[in-house]
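Dear colleague,

Please read them with the structure open beside you.

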Amino acid sequence: MEEPPRKIQRRSVFVQSGRCRDHDWLPGGTKVPSLCVICAGWFKYDEAEPCRFEGFRKLRHPSNGVLEEDGFSEGDTNTPSVLYPGLFENNPQDTDINDLQIVIAKFLQPILEEEVEVHKNPNLVFRHLEKDLVACDVCNTSILFSSWFCTECALEICCKCFKEGEWDVDQRDGAVYCIHEFRACSRMGTAELKSALSSAEAVAAQSRKEPAPYETSFAQKCRVEAETYRVTPRLVRKHAEAFQLLWPLGIPISVDPPQGINFDPYSSTNLDILHGTEETFVSKCDFSPQNRIRRWKSKAMTVRRYLQTFTATDLNEYLVVKIEELPHRKTLAEAYPLQYMHYLKMIPFALYASPSGFYNLASHYALDQCDRSANKPDLGPKLYLSASNTQQCSVTLRMNMTGTMYVLANRDQSHQNVAVWTTFRREDVPQLRAFLSKRYPNAKGDAVHGRKHYLDHDDLRRLREQRVIPFSTVQKPGVAILIPAGCVYQAKAIGNIVQVANGFVDYYSIASTLELIDEWRKYRLPDTVQIKWILWYAWNSLVKMKDIKEKVSAVFDVADEGFIRPKSRKSQTVTARDSRALKRHRTRIAKGKTTPDEYAKTHIYRCPHATCSDSSRPYASYSVFDHLKAHHGVKLDDVERNILLKKPLDEWSSTFDIMMSRRPLQVHLPGLLQKDPIVISP
């Protein structure tokens, strides 16, 4: 006996609780009014990507059985608590925080003004902040908070694409897929966004004391040679003034390795022993005269099998075999901790180029806002391996949106291994593109961003005839090559090389990175840098730092030497034994036989640690510090020792407790929580 058809149950408005194509959540005999772009399969999205309308679109029951749209549900616009990283290369001072905050505010202000402009729309809809990164469906640019979405198909575009007005009607193959009806959308409350904008405007209005460029004779010589003769400046780690002068000019830099560098962790033997069984992808490309355009044929291979090509002698003369971006789907610190630990020792100018440098804005990215730490831009470091072949290129012609550093991390004892770099400055890129379009007329896509070409000696000679002269650099083992944002570069390997590449967003390159966003939009390239999110998180990280420092200064006086002392001091009380010693030393000081510093070194103290609070064993000042290190694992630096020595005896325990609770504030960022550090064992 057949079941009678279910009648449509009329009920109040409800929120869509499933995908558009699924029928499990639909009442019997009904269907959704329209499909989102994910369920309709318009674009090549990941099948695991959630439905755009699920949990967002409101529906109601009509009389004809077709559900009707009844607005959209309001998401939670309250910004969740954010955990910022706390470990940096140095302890930032107040002046460092203020200067960096002023620089970021000047670039963040126009971005927030554009966001606030969207909030003026009367039909604004608020959505919750997704875990996954939201990008424009048209230009692939990452979306910060505000956007425009179609109520018919949930197509979401950025503000610039909406202003261009080219997506009112979506046509494919001559058929009209959707007549878009865009509506303003935001993932942050209006009040909170305006508060952030007002704060950025106030900070941007401040005048930053720009230090006069300290142009030494060496820095001036490097600048003149680089601008006139295209000679790559060769620096060492102590040439910080030269770096600060040359890097904003868009000049590539070569930095010599530190003394005593160890190349063993990156040798083929150690890589084979530690990570030989790991699966990776090997790329082949052909640069023979018959086929100048690159052919990609990637296949899976273990690291051990690939390292065997380092000693192979039967390789084709024009065959390129290499590994790019190793490890896959993991960071170098997680997958290769030993190599990562040694790589940190190779990084020059760590404040700017290190993954934990204070002036590297990417290091301020939030750790776990809505689990968005998984969306942190993957700027490295990564390994690049190339087998021995003098005809190959280890890095094809390309351009990056951020500054990039390559370190040649291995040394071949039997053969010479170097890399030859060719770098074009930003102003030479238009002429280079014109040359490549004529040189490869049948190539698809952009000649630079396609990463399919390599310029040989003949090509470089023709470019020099057109007065397009690149920088040419020979990189030896341990040498770091720093390439500014927007520069086009390539590299050829001579010998077996292992490169460690790392991207960084220093505050000198913010303007160049923002300018390159338009170029990335033009070619529909994925926004892997997320410069807007980097600026937003760096701004909030500095605001949080500054706020906590102000709260600390309300309780403590911070002297110029870095000493921290309470504003109110109690009278000194000591034991009988300490009183006799104090009287004896005061007498010696009055007679000029002992200085106050000598008294501080010989005075008797007790261990301030909580576990020794009941102990009456006395110590001299130096002995108590040795006791703390040996029995409690607490090593005090000179500043912390001076803080304790300047305190009365009855305040030692309380001062020590405050010092231990605030110890992460001196080593890490003040008052900011952080996750457990990664334990790196050699």
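**Helix packing**

Helix α2 passes helix α4 in a left-handed crossing, a crossing being called left-handed if the near helix is turned anticlockwise from the far one by less than a right angle, and right-handed if clockwise. The contact (heavy atoms within 4.5 Å) is made on the α2 side by residues including Gln101, Ala105, Leu112 and His119, and on the α4 side by residues including Thr190, Leu193, Leu197 and Ala204. By class, this contact of α2 with α4 has 10 nonpolar, 4 polar and 5 charged residues, where Ala, Val, Leu, Ile, Met, Phe, Trp, Tyr, Cys and Pro count as nonpolar, Asp, Glu, Lys and Arg as charged, and the others, Gly among them, as polar. The two helices, α2 spanning residues 94–119 and α4 residues 190–204, pack at an angle of about 145 degrees with their axes 8 Å apart; axes are lines fitted to C-alpha atoms, for helices over the stretch in contact, and angles run from 0 to 180 degrees between N-to-C directions.

Please bear in mind that this is a predicted model, in which local features need pLDDT of at least 70 and side-chain atom pairs count only at pLDDT 80 or more, while totals for chains, interfaces and linings use all residues. Residues are numbered from 1 along each chain as its sequence is written, and side-chain values use heavy atoms, with hydrogens and water left out.

A second pair of helices is α12 (residues 429–439) and α13 (residues 457–465), which pack at an angle of about 130 degrees with their axes 11 Å apart. That angle makes α12 oblique to α13, since angles under 35 degrees count as roughly parallel, over 145 as roughly antiparallel, 65 to 115 as roughly perpendicular and the rest as oblique. Leu432, Phe435 and Arg439 of α12 meet Asp459, Arg462 and Leu463 of α13 in this contact, which by class has 3 nonpolar, no polar and 3 charged residues. The crossing of α12 and α13 is right-handed.

**Strands**

In the chain there are 21 helices and 26 strands, both taken as DSSP runs numbered from the N terminus (helices H or I, at least four residues; strands E, at least two). Three of the strands form an open antiparallel sheet in the order β1-β2-β3, and two strands are said to pair if DSSP finds at least two bridges between them. Because β1 (14–15) and β3 (68–72) stand at the edges, each with a single partner strand, one side of each is left without a neighbour in the sheet. Strand β2 (residues 57–60) is joined to β1 over 2 bridges and to β3 by 3 bridges; Val15 has Lys58 as its bridge partner in β2, while in β3 Leu59 is partnered by Glu69 and Arg57 by Phe72.

With regards
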